[in-house]
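Biologist: I'm new to this one. Could you walk me through how to read it, feature by feature?

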Amino acid sequence: MNKPTLAPVAVLLVVLAVVPAFAANTTINFLVSALIVTLAAQGWNLLGGFCGPFSFGHAAFFGTGAYVTAVLQSRYGVNAWAGFAAGIAAGAVVGGAIGWLSFRAGLRGSYFALITLAFAEVFRIVANAVPLTGGATGLLLKLDVRPANFQFASRAAFAWIALGCVVAVLALSIAIARSRLGAQFAAVRENEDAARALGIDVLATKLRAICLSGAVTAAAGGLYAQYFLYLDANIAYGSWISVEALLAVIVGGIGTPAGPLFGALALHALGEATKLFAGAITGIDLVLFGLILVGAIAFAPAGIAGSLHSLSARWRR
Amino acid sequence: MYTPSIIAEAVVNGLLTGAVYALVALGLTLVYGVLHIINFAHGALLTCAMFAVWALSDGLGLNVYLTIPPLAVLFLCLGYGLQRWVIGPASHGDDGNTLLVTLGLSIAIENGLLAAFHADTRTLSGDAAFDVVELGPMLLSRPRLIGFGVAVLVAVLLWALLAGTDAGKAIRAVAKEKMGASLAGIDVRHIYALTFGLGCACLAVAAGLLMPTFYVNPRVGNAFVLVAFTIVVLGGMGSVPGALLGGLLIGVVESLGGLFLGESLGQAGIFVLFILVLLLRPAGLFGARA
């Protein structure tokens with residue numbers, strides 16, 4: 001990450017770390033939801049922002065992380081932390097499988113976006129039908145508040161864990177952006193044929209990106225399961241998370257390590273504000289999100305992170 | 001238990017549904033063939049058109065088929081305006097952006113309809129759905145027969161428009177070679193918007209044909225849009241006859257799938273089929289270019 005955006009990110013992280021200690025439960029709920037979406041969006045960014053392929057179906061990874069975490073605990077008595085780790089691994093495996101199938105078939109651009117959407121929908125329909133996931137009634141995790149169980153008496157503790165995950169992935173994203181792998185991602189994103197001509201194994205690079213991406217977004221799903229202790233197919237594999245993950249990245253700044261955090265916080269704040277002003281009209285916040293997506297692409301393609309960058313550059317001159 | 005007459009009836013019913021699917025896919029493939037973009041808002045616009053048909057027909061008491069011509073004109077204008085003043089300028093000529101802009105539009109439209117009409121499912125009042133025609137041993141629904149006839153007629157008209165008129169020639173020229181068409185004095189942005197408008201007009205017609213036997217709710221378009229994408233990929237991106245044949249084929253597959261596999265798995269079937277088509281035959285069954 002370049003210097004100009006580092007300072008606001010550091011300030012933001014400190015604020016986010018301090019707030020849970022004092023805030024009311026509703027504020028912490030808001031924060032945890034925003035951080036879970038941030039994590040999902042960070043996953044999306046590792047694939048779509050760093051390496052290029054746009055996914056419309058990141059719900060496939062989110063839901064897999066959530067269901068593996070929850071099902072292992074409730075049906076097989078596995079420890080919650082182990083279940084969470086298994087969920088992350090499952091996200092990477094599902095990412096690898098979807099990536100292997102579709103990248104090997106040469107699907108790019110719109111075709112890749114559509115096939116990821118179709119995968120997420122198949123998962124949703126299956127999860128809604130099979131008994132293992134609780135079918136349409138969903139899956140309720142048993143309330144057993146112990147840290148060893150990944151359940152905490154104070155909501156603040158959970159907010160700090162979510163923040164810890166976000167910071168870890170932020171650090172990972174910065175490290176990747178500076179590494180050889182990051183350079184390979186960028187080369188594949190900018191021009192696949194040129195990257196191949198330079199000796200980069202394009203398929204392997206994309207597979208690394210989608211496995212990483214799947215794992216991070218699955219972690220978001222696992223956190224969701226542990227925080228809300230309830231899942232059904234329309235939550236876990238619903239298109240809402242695919243849309244929010246993508247939207248947070250576009251609004252925050254695509255391909256920048258801190259973009260997802262900016263975007264998710266801004267969108268959630270806006271969503272809450274809309275609900276406050278427009279009352280209980282279903283869908284009104286999403287109307288706004290849709291328009292923001294169009295507006296962001298039309299007027300601010302570099303997102304919040306990009307605007308901060310150019311603002312601070314102007315300031316210095 | 002699957003007697004030949006039951007299977008034959010399923011095939012014919014599939015063909016009838018498939019023709020309307022084809023009409024939805026026709027709009028999508030036309031836009032893809034000329035603009036080389038995937039219009040992700042196609043499903044949401046179809047939902048919009050279905051609500052418009054429902055409002056005119058149930059609210060004002062118009063005959064459902066009489067709502068088609070004015071709505072087709074309205075959607076032609078709406079599509080023209082959307083492409084010319086929203087999608088085109090907002091996406092800065094980048095395909096990835098267009099996909100995201102149309103995704104944004106579809107989210108906004110779908111949830112706008114949700115806010116306005118709530119999640120309730122609505123059907124046209126009246127008993128048109130039970131109006132049947134006896135054809136040999138088969139009982140066929142009259143509105144679906146009409147739908148089949150009109151859908152095929154519209155496809156032929158569209159094909160004639162592309163083949164025979166000056167506007168059609170300009171559209172084909174832009175589809176083949178944008179730069180060359182522009183040098184020959186064709187206003188490419190106008191043709192783009194016109195094509196998008198024609199695609200939307202197809203949706204208005206499809207909505208009028210669907211409503212007598214189908215229902216509408218704010219999310220109904222999603223079901224159609226993936227079916228339409230499947231048809232477009234099957235028939236070869238940008239091919240009008242391909243969309244028609246692909247539509248009929250998918251209609252029959254869905255109808256037989258529902259007969260043999262049951263309702264809930266049949267739902268997943270269309271997505272699985274879509275994935276398989278993309279993975280195995282991305283160039284389409286009829287071998288058109290990718």
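This is a predicted model: local features need pLDDT of at least 70, side-chain atom pairs count only at pLDDT 80 or more; totals for chains, interfaces and linings use all residues.

Biologist: Let me start with a helix: which helices of chain B do the buried residues of α6(B) pack against?
Modeller: Residues are numbered from 1 along each chain as its sequence is written, while chains are lettered from A and ligands numbered from 1 in the order in which they are written. A residue is buried if 20 or more other C-beta atoms lie within 10 Å of its own, exposed if 12 or fewer, and partly exposed in between, with C-beta atoms placed from the backbone. Helices (H or I, at least four residues) and strands (E, at least two) are DSSP runs, numbered from the N terminus. Now the case: the buried residues of α6(B) pack against α1 (4-35), α5 (142-164), α7 (178-183) and α8 (188-210) of chain B.

Biologist: And which residues of helix α6 of chain B are the buried ones?
Modeller: In that helix, residues 166-176, they are B:Ala170, B:Ile171 and B:Val174. They cover an arc of only 100° around the axis, so they sit on the same side of α6(B). The arc is that of the directions from the helix axis to the C-beta atoms.

Biologist: What does B:Val34 touch, leaving out residues up to four places away in sequence?
Modeller: Two residues are in contact if their C-beta atoms, placed from the backbone, lie within 7 Å. By that test B:Val34 touches B:Ile171, B:Val174, B:Ala175, B:Tyr192 and B:Thr195. B:Val34 is part of helix α1 of chain B, and it counts as buried, with 25 C-beta neighbours inside 10 Å.

Biologist: Which residues touch the most other members of the largest nonpolar core?
Modeller: A nonpolar core is a set of buried Ala, Val, Leu, Ile, Met, Phe, Trp, Tyr and Cys residues joined through C-beta atoms within 7 Å. The largest one has 213 residues, and B:Ala22, B:Leu23 and B:Ala49 touch the most other members. Its largest share, 16 residues, comes from α8(B). Take B:Leu23: leaving aside neighbours within four places in sequence, its contacts are B:Ala151, B:Val154, B:Ala155, B:Cys202, B:Val205 and B:Ala206.

Biologist: Now the strands of chain B. Do β1 and β2 run parallel or antiparallel?
Modeller: Strands pair if DSSP finds at least two bridges between them. In chain B, β1 (residues 132-135) and β2 (residues 138-141) are joined by four bridges and run antiparallel. B:Leu135 stands opposite B:Met138 in β2(B). The hairpin has two residues between the strands, and B:Gly136 takes a positive phi near 60°.

Biologist: Which residue has a positive phi of about 65° although it is not a glycine?
Modeller: That's A:Phe150, in the loop between β1 (139-140) and α6 (155-178) of chain A. A:Phe150 is buried, with 23 other C-beta atoms within 10 Å. Chain B has a case to look at too: B:His36, not a glycine either, has a positive phi of about 55°. B:His36 lies in the loop between α1 and α2 (42-59) of chain B and counts as partly exposed, with 14 C-beta neighbours inside 10 Å.

Biologist: How many residues does each chain give to the contact between A and B?
Modeller: Chain B gives 32 residues and chain A gives 32 residues. On the side of chain B that touches chain A, α4(B) gives the most, with 15 residues. By class, that side has 22 nonpolar, nine polar and one charged residues. Here Ala, Val, Leu, Ile, Met, Phe, Trp, Tyr, Cys and Pro count as nonpolar, Asp, Glu, Lys and Arg as charged, and the others, Gly among them, as polar.

Biologist: Last one: how many helices and strands are there in chain B?
Modeller: Eleven helices and two strands. Buried residues make up 51% of its 290 residues.
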